[in-house]
Amino acid sequence: MRAGDDEAFAELVSENTPRLLAVARRFMRNEEDARDAVQEGFLSAFKSIDRFEGGSKLSTWLHRIVVNACLMKLRSKKRKPERSIEDLLPGYQSDGHPEQFFEPWRETGEDAAARNEERELVRKYIDQLPDNYRNVLLLRDIEGIDTEETAQMLDLTPGAVKTRLHRARLALRELLDPHFRPEQSVYS
Amino acid sequence: MTCQELADFIIDYVENKLPADRREVFEKHLAVCPSCIEYLNSYKSTCQILGDLRCDGEEEVPCEVPDDLVSAILAARKGEEPSSPASEDDSAS
């Protein structure tokens with residue numbers, strides 16, 4: 001491939017595009033942007049193929065390049081005003097007690113249909129998180145990238161990644177709460 | 001430890017990264033606060049659903065190769081038009 005073999009490039013692109021498109025769809029909010037990100041990622045990979053050291057798998061290397069292309073596209077896009085993460089976190093009184101007691105959740109994922117429904121719901125709510133938090137959650141919890149590498153990709157400290165991940169999960173929990181609460185409060 | 005402070009330490013608690021002394025304080029609070037037990041459980045459920053989504057990654061991969069996108073990428077590599085994905089009909093075999 002480093003010799004510029006067209007067939008090798010064609011095979012590489014054919015083999016990896018479906019998986020990388022699925023990755024880009026998780027980050028981008030529309031199909032056109034997802035496709036653009038995959039294309040930009042591949043073009044970037046072609047330019048730097050000489051720098052691929054073989055220390056990691058080629059598929060992992062491409063994954064990171066496409067994720068970076070998605071992050072760059074997201075940074076360049078102006079989003080409509082986002083909700084503040086504070087608005088998505090539970091409220092507490094001055095003495096540290098929650099404004100509302102936390103209720104037990106019903107069982108999640110009881111059957112395949114329920115699991116699919118829940119996952120759709122989670123995807124929808126992940127998209128409602130502010131980008132700074134959504135991106136950390138996607139990188140860490142969905143793409144499985146570790147804290148150090150996530151920090152490098154987002155130009156953050158590992159501590160900031162951890163804080164954002166925690167707040168993103170708490171906000172997601174809060175968004176999911178009405179769907180999993182029992183119909184009748186256990187405190188009433 | 002208040003309920004609000006407990007929330008700050010949940011991530012370290014579930015990842016087993018709380019120092020022993022803080023873990024003890026954390027668990028003492030849980031022992032007397034049913035609301036925080038439910039908060040912790042629902043946090044774990046949220047992580048569980050996220051974990052399921054992560055495992056589903058393979059299922060989301062399209063079964064068919066999107067030929068139009070593949071053609072557009074290969075054309076762009078050679079500096080050819082189009083740089084945007086062509087229609088399915090235009091795809092190279």
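This is a predicted model: local features need pLDDT of at least 70, side-chain atom pairs count only at pLDDT 80 or more; totals for chains, interfaces and linings use all residues.
Local features need pLDDT of at least 70, side-chain atom pairs count only at pLDDT 80 or more, and totals for chains, interfaces and linings use all residues. Residues are numbered from 1 along each chain as its sequence is written, while chains are lettered from A and ligands numbered from 1 in the order in which they are written.

**View 1. Helix H1 of chain A crosses helix H3 of chain A.** Helices are DSSP runs (H or I, at least four residues), numbered from the N terminus. H1(A) spans residues 6-27 and H3(A) spans residues 58-76. Their axes come within 10 Å and cross at roughly 35°. Axes are lines fitted to C-alpha atoms over the stretch in contact, and angles run from 0 to 180 degrees between N-to-C directions. The crossing is right-handed (the near helix is turned clockwise from the far one by less than a right angle).

**View 2. A:Ala160 sits in helix H8 of chain A.** This helix covers residues 158-180. Why is A:Ala160 classed as partly exposed? It has 16 other C-beta atoms within 10 Å. Buried takes 20 or more, exposed 12 or fewer, and partly exposed lies in between, with C-beta atoms placed from the backbone. A:Val136 is 24 residues away in sequence from A:Ala160, and 9.7 Å away in space, C-alpha to C-alpha.

**View 3. Chain B meets chain A.** The contact takes 36 residues from chain B and 42 from chain A. Contact is counted when C-beta atoms, placed from the backbone, lie within 7 Å. On the chain B side, H3(B) gives the largest share, 15 residues.

Note on methods: Helices (H or I, at least four residues) and strands (E, at least two) are DSSP runs, numbered from the N terminus. Two residues are in contact if their C-beta atoms, placed from the backbone, lie within 7 Å.
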